[in-house]
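Please look through the sequence and the model shown here, and keep both at hand while you read.

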Amino acid sequence: MDANWSWEALGKEQGEDGKKAALELTYEVNSFQDMVKKVAASALLPFLAVSRSAQKCALEANLIETGLEQMKHVYTELNLASLKLGKAIQRKKEDNLSRELKLAMQLLRNCFFRNESCKAAALGTHLISILHSLWPWLLMDNSLMQAALHLLCTYTANYPVGCASLCVASSSLCSFQTTQRTAAGNPLMHNIMKLAIQTLSENGIIQQMTFNLLANLVVSQDCKGVLQKNNFLQNFLSLSLPKGGNKSLSMLAIAWIKLLLNLSFGEDGQQMIMKLNGGLDQLIEMAKYKHRNNPDMILLILHNICFSPANKPKILANDKAVALLSACLESDSLAARRIGASAIWALLHNYQKAKVTLKNPSIKRRVDEAFMSEKKCLQQPQESQEETYHIKCLKTLVQLLSS
């Protein structure tokens, strides 16, 4: 059954008041002790993920605010439970509170899915401060940490203002916050960076989700500044690559590639990558290995950093980088051929010194052959924007390297 239709059907039968009543039943502060309301909250989850109408109704019914209040309540109860005697009773209460917290985070996550209005509501009610205060508890429970990271990934996706909020020092939730194990005045961004580096390989899901979150965050200027200030990218240089017959990159290596790709979309990020002493060589070495899902990601990173004027001399001085990009012109992969042509054009654009390196018989031959081959394959009636741009790149390269 289509969830959006079902939600609309509820509106037709019960009206807008019926929808709001369903939401009020689902979610009230301290409500999850009621089993009926727990079931209702679980049933609401898929509606929020797929129905804009359900999200709008949730926003109007203050579901975001009450959800965050529920998380505050759980935080307070967890701290109180930790002070009481009786380990068995304490553990049972903590388990119940953990389930409440997880459900609250899942509801908020689905409210945020592709909905900037819901995200803005959470921004004004200190979502990040609440998660920062809960961080010590999240570290002790992998299931809760996954739910929190999933929530943050959804919240920060295509939302730079939300990304920047992770770089602001969090305020206290209550008077006994000073006894918490979180560092006072430390932005949540610091905790996330630490989690990405210190997570053990057996917690691969958490590590991947943390890197996915960081890949979202690097669209924010503030987040890029925090990464640079804390030398986070230096950890990329210590990444171990497979040896012997195993030519597939690890999940951690692929997570790094995704992060660097997002970082490379801005000129400041391009320069951050190139400032890593040995970073370019590491990327070139990684390009030798297999990665099934998206084999061209490393080439795209190299392509993007070619557009920064400050990077061009360093790239052209690296024989392996030039060889890799020029070899793309003869690749069996159409995507790789297009990336290579565009990258070489970027290096030549407004930089006369590039001709000294690139105007050699081997590269010129590859460019000429690629241009002739693509012209033969080009079918005008079905010409796409990508094909047009590729031909334009090669035609321009032929002209620049012949002048």
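Cysteine 167 is buried, with a relative accessible area of 15%, where buried stands for under 20% relative accessible area, exposed for over 50%, and partly exposed for what lies in between, using a 1.4 Å probe and protein chains only. Cysteine 393 is likewise buried, at a relative accessible area of 1%. The model is a predicted one, in which local features need pLDDT of at least 70 and side-chain atom pairs count only at pLDDT 80 or more, while totals for chains, interfaces and linings use all residues. Residues are numbered from 1 along each chain as its sequence is written, and side-chain values use heavy atoms, with hydrogens and water left out.

A disulfide is a covalent bond between the sulfur atoms of two cysteines, and here the term is applied to a pair of cysteine sulfur atoms within 2.5 Å. By this rule the count is 0 disulfides. Cysteine 167 takes part in none, and the nearest cysteine sulfur, which belongs to cysteine 223, lies 3.2 Å away.

Turning to the backbone, most residues other than glycine have a negative phi. Asparagine 62, however, has a positive phi, near 60°, and sits in the loop between helix H3 (52-60) and helix H4 (63-83), helices being DSSP runs of H or I with at least four residues, numbered from the N terminus. With 40% relative accessibility, asparagine 62 counts as partly exposed.

Asparagine 350 also is not a glycine and has a positive phi, of about 55°. This asparagine 350 belongs to the loop between helix H20 (334-348) and helix H21 (354-358), and at 71% relative accessibility it counts as exposed.

Notes: Helices (H or I, at least four residues) and strands (E, at least two) are DSSP runs, numbered from the N terminus.
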